[in-house]
Amino acid sequence: MEIIKNYIHIGIKEPFCVLHASDTHLTFCDERNDQRKIELSKNRSDSFPNAEADLQFIKEKATADKRTVIYTGDMIDFVSELNIEKAKEFSDSVDCFMVAGNHEFSLYVGEAKEDDAYRNQSLSKIQSAFKNNIRCSSRIIGGVNFIAVDNSYYLIDKKQLDFIKTETEKDYPAILLVHTPLYSKDLYDFSRNGSDSPAYLMSVPDELMSDYSCHRYEQQKEDSVTADAYSYIVNCKNIRAIFAGHLHENYDGLINNRILQIVTGLSTLREIYID
């Protein structure tokens, strides 16, 4: 597993380090699931052959170094009893602060429209594997407010936006944790890399999605609340950094020439030192 070190200068009194991981995509299932899901497990495991070893590496590193793991979604690839058990075993064994990804709620991967109704079919089941609210929660670590908001369907709702506003009004520097990275032109160009594939970012301007397929455009277009959330986040002085995943690639860059956005990819663990 690749280890990348990052340094964020905030001006806190006592420097500390957290581990950032994302998108392990566990693909386990057993006889408790139907044959369709067993076949899905076999097929998807080819795409994520190192998932179990990666999660074990993160566990051992976090335990040895006594670090908090900041995990930005898609620990599991689809909903299954064994995937949930593996996720819970990890969450119980380390200090893990988790925000959900879209695959946390995926029943069979790509078989249905991902919306609130779809997510709610498995939300309580998935939530049982983790200590914090994986849709919307916060935690003070080392004098920094880590704010976790699930934007994995490319949207932020009114309750989440209100939560972000409340948390960022507190007298702490803040780091926002999301699954889907927020748009910047540099990250948009990096993500597309001259290809026909969409950028898979939150709040991409409409004119930059003109060549998206109808499905991807409908999936990723922002609504008015998400537009307000994006504007608030990128202009909020208390938000110093954003941690994200989803792209399966590593990226570091600025939003609004000020906020560091760190995207952690497959088989990567970041040691992030904050001072």
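Helix H2 has 15 residues and reaches 21 Å from its first C-alpha to its last, close to the 21 Å expected at 1.5 Å a residue, the expected span being 1.5 Å times one less than the number of residues. Helices (H or I, at least four residues) and strands (E, at least two) are DSSP runs, numbered from the N terminus. The model is predicted, so that local features need pLDDT of at least 70 and side-chain atom pairs count only at pLDDT 80 or more, while totals for chains, interfaces and linings use all residues. Residues are numbered from 1 along each chain as its sequence is written, and side-chain values use heavy atoms, with hydrogens and water left out.

In H2, Ala51, Asp54, Leu55, Ile58 and Ala62 are buried (under 20% relative accessible area, with exposed over 50% and partly exposed in between, for a 1.4 Å probe and protein chains only). These residues lie on the same side of H2 because they cover an arc of only 95 degrees around the axis, taken from the directions from the helix axis to the C-beta atoms. The face turned away from that buried side carries the exposed residues Ala53 and Ala64.

The largest nonpolar core has 33 residues; such a core is a set of buried Ala, Val, Leu, Ile, Met, Phe, Trp, Tyr and Cys residues joined through side-chain atoms within 4.5 Å.
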